[in-house]
Amino acid sequence: MPTMAQGGRSNFTHSNQQHQINGKISNYDSKANLFARRQKIQHQRKSLPIASVEKRLVEEVRTNDTLIIVGETGSGKTTQLPQYLFNGGFCHDGGIIGITQPRRVAAVTVAKRVAEECGVELGQKVGYSIRFEDATSSSTRIKYMTDGFLLREALLDPHLSRYSVIIVDEAHERTVQTDVLLGLLKSVQKARSRSISEPLNIDHTKANNGSLLKKENAVQGVSILKQHRGRRFTPLKLVIMSASLDARSFSEYFGGARAVHVQGRQFPVDILYTRSPETDYVDAALITIFQIHLEEGPGDILVFLTGQEEIESVERLVQERLLQLPEVNQKLLTFPIFSSLPSEKQMKVFMPAPVGFRKVILATNIAETSVTIPGIKYVIDPGLVKARTYCCQTGIESLIVVATSKAQALQRSGRAGREGPGKCFRLYPESEFQRLKDSTMPEIQRCNLSNVILQLKALGVDDIVGFDFMEKPDRIAIVRSLESLYLLGALTEEYKLAEPVGNQMARLPVEPIYSKALILASQFNCLEEMLITVAMLQVESIFYTPRDKLEESRTAMKCFSSPEGDHQTLLNVYRTANEFLEKSKIGTSKEKAEKNLRKWCKENFINGRSLRHARDVHSQIKGNVEQMGLRVTSCEDDMLQFRRCLAASFFLNAALKQPDGTYRVLFSGQMVQIHPSSVLFRTKPECIIFNELVRTNHNYVRNITRIDYLWLPELAPQCYTLQESESWC
Ligand code: CDP
Ligand code: MG
């Protein structure tokens with residue numbers, strides 16, 4: 001096969017694979033004014049592949065209670081179908097069309113796009129709800145949300161009665177939340193249709209208006225009955241959307257539901273492989289970015305990376321290397337996109353680059369199918385993805401970087417051929433592609449199930465093993481999770497939901513271990529501290545440590561660090577930032593104060609974006625615990641109390657120092673090490689609790705606090721005995 005480029009590094013080879021031509025190039029205009037933009041959007045909408053089958057799709061949904069729609073990424077499923085159904089009358093009696101997404105970013109960006117397409121303000125007819133963020137109102141009829149959000153909503157409204165249609169989008173991703181949701185929706189759909197047929201008979205006798213109700217007129221009958229009794233439901237329409245071509249498994253799961261295929265539009269994509277494996281894929285990605293930028297024609301670049309930290313580091317490296325180029329070659333703009341990116345930043349990737357500039361989008365696998373970014377002509381794919389893995393033996397879940405599946409690699413390369421012929425640079429040899437797994441294992445088979453089990457229990461599903469999962473999770477994983485939920489006090493000895501704690505835990509929008517911490521903290525009089533800590537633990541990388549300013553950033557971090565551990569350190573950062581913000585608010589505008597805070601963050605090597613996210617999370621969970629009636633008080637200077645509360649909450653993650661300086665996790669027996677980023681990395685206390693296990697070449701634990709091991713039998717007697725603890729010293 002011929003090599004790709006002349007000059008620079010030409011380590012790529014062509015492959016035989018080509019995608020098929022099946023459409024036209026769409027225009028992209030950057031200088032449109034509002035009116036022109038509207039017109040352009042309408043034109044874009046009409047030219048989407050899905051537009052030609054609008055009527056048919058609406059009819060299919062009308063005639064089928066459950067419909068599976070399969071269509072290539074970019075065909076218009078996510079943005080268009082809800083609008084078609086809205087126009088088709090599926091909201092006429094106040095029902096909502098709900099669309100679930102596995103990812104927050106997708107829910108937000110798509111809702112914004114659809115609001116714009118409809119010419120309405122976001123949060124009115126079109127809105128979104130994701131954990132820690134709500135942009136809906138009573139007039140919202142098209143509501144995008146994460147699948148996890150809808151699951152939580154089912155806790156309050158088990159029949160999901162506000163929804164007339166629920167569209168489960170990106171079902172091929174098979175996230176754990178999607179899988180649980182599918183099972184739940186199946187039973188909600190049944191329950192709602194039962195509620196239609198059953199009460200008809202009852203009401204002939206009870207409600208004296210039986211003559212109005214004919215069975216063949218069930219839907220109308222229901223809305224009439226609703227006015228009288230208020231407990232009748234309309235049928236629930238389900239649409240399952242997927243970008244994978246295999247609809248069979250979904251169809252079988254839904255009792256042979258009808259599946260339709262929406263034709264996509266795909267131009268040829270030239271696939272290039274490296275000649276030999278790359279030892280440093282980040283470096284290889286950087287070189288490839290510049291090789292494309294300097295040698296290839298116009299078109300934006302999409303790079304698939306594994307997470308926020310990697311994206312931010314590549315972003316800095318690109319900017320640094322750009323400065324070394326002649327000015328004429330510096331017209332390259334970077335745009336990150338990952339799940340926890342604040343929404344105003346997320347939208348930037350969709351804006352066209354200024355004339356003469358090239359965009360390089362640094363994305364996690366969110367850009368694989370969840371969001372379609374216009375203008376992409378080049379894709380760089382290192383072939384890696386961060387995925388959840390769960391070890392049944394230890395009961396510990398961790399995020400590790402693994403190879404993508406063939407299906408993922410194909411989706412990624414497909415992104416280059418949306419608007420014209422493109423190129424995909426796979427940063428691995430072709431022989432490695434052949435060795436990839438065909439598809440990804442559903443997440444439910446490789447994650448800690450505590451959260452979903454608690455949710456299901458709270459929804460009244462007692463028999464978890466017997467629950468109608470599309471693919472059953474491992475039995476041992478279920479047992480492990482039941483056991484840890486029991487130890488956390490969420491379940492009784494019979495594995496029934498413990499009242500009220502189990503219910504309270506299920507309602508808080510954080511993992512069970514954190515909801516337990518919040519509930520306990522109110523008893524330990526340190527809920528104020530715990531709210532901040534839990535909020536800070538929900539966001540990635542609060543500290544920003546650029547490679548070239550390592551020493552400076554370490555010195556800055558010392559100002560906040562606590563000898564007791566990372567939890568108090570995070571608390572210090574949050575409080576100092578808050579004090580700074582409050583002070584700078586005096587005599588100035590809120591915007592100016594926020595700007596000052598951003599500057600302060602930069603000077604103190606704090607990731608301003610993460611801090612802001614933590615503040616949002618804090619305000620939401622504070623609202624949640626207050627609603628529950630928990631008392632938000634502070635332990636003031638009694639930090640011992642706070643550490644005891646951490647021990648009482650995170651006792652499952654307690655570890656004891658070994659003679660060689662490593663640690664043994666007491667509950668699971670796993671050997672771990674303190675991550676170098678922890679403030680306790682050098683001190684190495686005798687006994688610790690931690691919140692995160694990162695598996696790289698070592699098993700590292702992060703977010704650590706020093707505790708006294710004798711607290712464990714005292715505060716978690718359900719897990720540790722005093723006798724047992726005597727053998728630890
Ligand atoms: O769901 P599917 O992958 O089939 O397509 P979609 O997400 O509905 O996207 C349809 C088109 O809308 C894409 O071609 C994008 O160019 C455009 N779009 C956009 O411009 N901005 C967004 N935030 C989302 C979609
Ligand atoms: Mg989509």
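Leu-34 has 7 C-beta neighbours inside 10 Å, and therefore counts as exposed. The scale is as follows: a residue is buried if 20 or more other C-beta atoms lie within 10 Å of its own, exposed if 12 or fewer, and partly exposed in between, with C-beta atoms placed from the backbone. Leu-34 belongs to helix α1, residues 34-47. Helices (H or I, at least four residues) and strands (E, at least two) are DSSP runs, numbered from the N terminus. Between Leu-34 and Val-534 there are 500 residues in sequence and 42 Å in space, C-alpha to C-alpha.

Please note that this is a predicted model, in which local features need pLDDT of at least 70 and side-chain atom pairs count only at pLDDT 80 or more, while totals for chains, interfaces and linings use all residues. Residues are numbered from 1 along each chain as its sequence is written, and chains are lettered from A and ligands numbered from 1 in the order in which they are written.

Is Ile-373 buried or exposed? It counts as buried, because it has 20 C-beta neighbours inside 10 Å. Ile-373 sits in the loop between α12 (366-369) and β14. Leaving aside residues up to four places away in sequence, Ile-373 touches Leu-302, Val-349, Phe-350, Ile-361 and Ala-367; contact here requires C-beta atoms, placed from the backbone, within 7 Å.

Strand β14 itself, residues 376-381, is mostly covered, with six of its six residues buried. Strand β11 (residues 300-304) pairs with β14 in the parallel sense over four bridges; two strands pair if DSSP finds at least two bridges between them. Ile-376 in β14 is the bridge partner of Asp-300. β14 is also joined by four bridges to strand β17 (residues 422-426), again in parallel, and there Val-379 stands opposite Cys-424.

I turn to an open sheet of eight strands. Its order is β5-β4-β6-β3-β7-β8-β2-β9, and its pairing is mixed. β5 (133-135) and β9 (258-262) stand at the edges with a single partner strand each, so one side of each has no neighbour in the sheet. From one strand to the next, the twist averages 20°. Helix α4 packs on this sheet and touches β3 (96-101), β4 (126-130), β5 and β6 (142-146), its direction making about 170° with that of β4. Axes are lines fitted to C-alpha atoms, for helices over the stretch in contact, and angles run from 0 to 180 degrees between N-to-C directions.

Which residues are closest to ligand 1? They are Lys-77, Thr-78, Thr-79, Arg-113 and Thr-372, among the 16 residues that surround it; a residue is near a molecule if its C-beta atom, placed from the backbone, lies within 6 Å of it. Helices α3 (77-87) and α4 (104-118) each supply at least two residues of this shell, and α3 gives the most, with four.

Finally, helix α16, residues 475-487. At 1.5 Å a residue, its 13 residues should span 18 Å, and its end C-alpha atoms are 18 Å apart, which agrees; the expected span is 1.5 Å times one less than the number of residues. Its buried residues include Ala-477, Arg-480 and Leu-485. Among the elements covering the buried residues of α16 are β15 (384-391), α15 (450-458) and α18 (512-523). After α16 comes Gly-489, with a positive phi near 85°.

Notes: Contact = placed C-beta atoms within 7 Å.
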